[in-house]
Structure formats: structure tokens, C-alpha cells
Amino acid sequence: MKIPKNVVQQIRYLCNKVPKHEWSGILMYKLIGNFSTGNFSCVVKDIFLMDIGSSTYTEYEFSERFIKYRMEHPESLGWETSHVHSHNSMSCFFSGTDMQELQDNAPNYNYYLSLIVNNAFEPTAKIAFVGEQEKTENIVRSFFGDNGKLYKFNNKVNKKEKVLFIYNCEIVYDLDIKVSQEFENRFLEIVAEKEAEAKALEEARKAKTLTEP
């Protein structure tokens, strides 16, 4: 997943404006490459905010507001849609609720992307899609013969079942953090001072250890 600078700024803006609440919305992206071969990337194009929830929960339903957005932005009609939400000050991970959201919505898409962000901008994402899996089961059958004895035999049965495949995304983004040279120099000065303090404390600790009986 590639998150361009403009979307990074959208995420940071929302997390800054509602740092204590979870928010959620529609994530729009463009698929680059070939999904069927696994050689592809998802380039995020935009976020359409749908809800500002509580400190621990957010949800929404598609509405005419999003339809209006797509009509006003015809380029978005060629983009895929998926889901993004925040964990405010918490870490970014897929909770039981988030995994259930994948289970519920992935069957409605050829492939379904879910992005979680937080105030510290530590994004994590998963992509899910429904497929088939074949497995062989060994079934034991038994019956009583004419002589009253119990006979057993094994029978291997091949079965196909629908499963949800879920993969973690590698996320690439550019925070584009720019400060003045003076500001950066001051930061480096503080880092150097802290490192010198830590080194002095460590040397003092070692010296004390050597002089103790």
C-alpha cells in the first residue's frame, strides 16, 4: 500500500482535530499491477470522512453524500473503495471487531482493503478476498455384516470450501516533515546532550562498581 503525501496530511488533520475519538470513512485507492499474480500495489487516492464516533467505536453506512462526492469527482469512479478508521491514541492493530468487519465486508468485493491509523501515525492494513480451498477428509464408515461382526473402512473425501484469505500489507508513505535548519540543529544539540549525559552516568556507575569492596 502506498499512501501519498496529500492523504497522509488528511489522516494527520483528522487525528489532530479529533484526537480522543475514533473516526472512520471510505478509503479510495487505485490498483496498480495484477492482483491475480500477486504483483500489485494499492495506491491510496482519497478519504471520504463518514463518521466521528466515541473513544472506542465508530461506524457508518453508505449514503447519498458519497454518491454526490463521486459525481463531483468523476475521476473517483475508476477507484476502488474500502475502509479506513482511526484508533486515536491507541496502537494500530486489528481487534476482534476489526477482524469481524473484514469477515462481513470482504465477500462483497473482489478484494477488500482495510486501513487503521492512529494519532502517532503508525498505520497498519490488511487486504482480504474470498477464495476456495480444497482439503481431504478421512471418513471412517462402519456397518454390521450378516455374521454380526462390525466392519470398518476408511474413505477419503475431497472437499471444497470457501475461505477468506487475509494478508498484511506493506505500507509505504512519506511524512514529508520539514523544519528549519535552526530547528533541526537545536534538536541535534539536545540529542547530543542526552547521549553525553547517559554516557557520563554509565561511566560513573562503572567507576563506582570498581571502587566498591
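Predicted model: local features only at pLDDT ≥ 70, side-chain atom pairs only at ≥ 80, totals over all residues.
Let me start with helix α3, which covers residues 96–105 and whose buried residues are D98, E101 and L102. If you look down the axis of α3, these buried residues fall within an arc of 100°, so they line one face of the helix. What do the buried residues of α3 pack against? They pack against four strands, namely β4 (80–86), β5 (112–117), β6 (124–144) and β7 (150–168). On the face of α3 that is turned away from the buried side, you will find the exposed residues G96 and T97.

I move on to T58, which sits in the loop between β3 (39–52) and α2 (64–72). Is T58 buried or exposed? Its relative accessibility is 13%, and because buried means under 20%, T58 counts as buried. The side chain of T58 makes a polar contact of 2.7 Å with the side chain of S24, and there is also a polar contact, again given as 2.7 Å, between the side chains of T58 and D51. If we leave aside the neighbours within four places in sequence, the residues in contact with T58 are E22, W23, S24, D51, G53 and H85.

The last topic is charge pairing. Side chains of opposite charge can pair when their charged atoms come close. The structure holds 7 salt bridges, and I will take some of them in turn.

In one of them, the side chains of K160 and E134 meet at 3.8 Å, N to O. Since K160 lies in strand β7 and E134 in strand β6, the pair ties together parts that are 26 residues apart in sequence, and both residues are exposed.

Another salt bridge joins E137 and K135, with the closest N and O atoms 3.7 Å apart. Here E137 counts as partly exposed at 26% relative accessibility, and K135 is likewise partly exposed, with a relative accessible area of 34%. These two residues also belong to a network of salt bridges that links K135, E137, K159 and E161.

Finally, the side chains of K194 and E197 meet in a salt bridge of 3.9 Å, N to O. Both residues lie in helix α4 (residues 181–211), where they are 3 residues apart, about one turn of the helix. K194 counts as exposed at 52% relative accessibility, whereas E197, with a relative accessible area of 44%, is partly exposed.

Definitions and conventions: Residues numbered from 1 in each chain as written. Heavy atoms only, no water. Buried < 20%, exposed > 50% of the residue type's maximum accessible area, 1.4 Å probe, protein only. Helix = DSSP H or I, 4+ residues; strand = E, 2+ residues; numbered from the N terminus. Arc of directions from axis to C-beta. Contact = heavy atoms within 4.5 Å. Polar contact = N/O pair within 3.5 Å; in protein donor to acceptor, adjacent residues only side chain to side chain. Salt bridge = Lys/Arg side-chain N within 4 Å of Asp/Glu carboxyl O.
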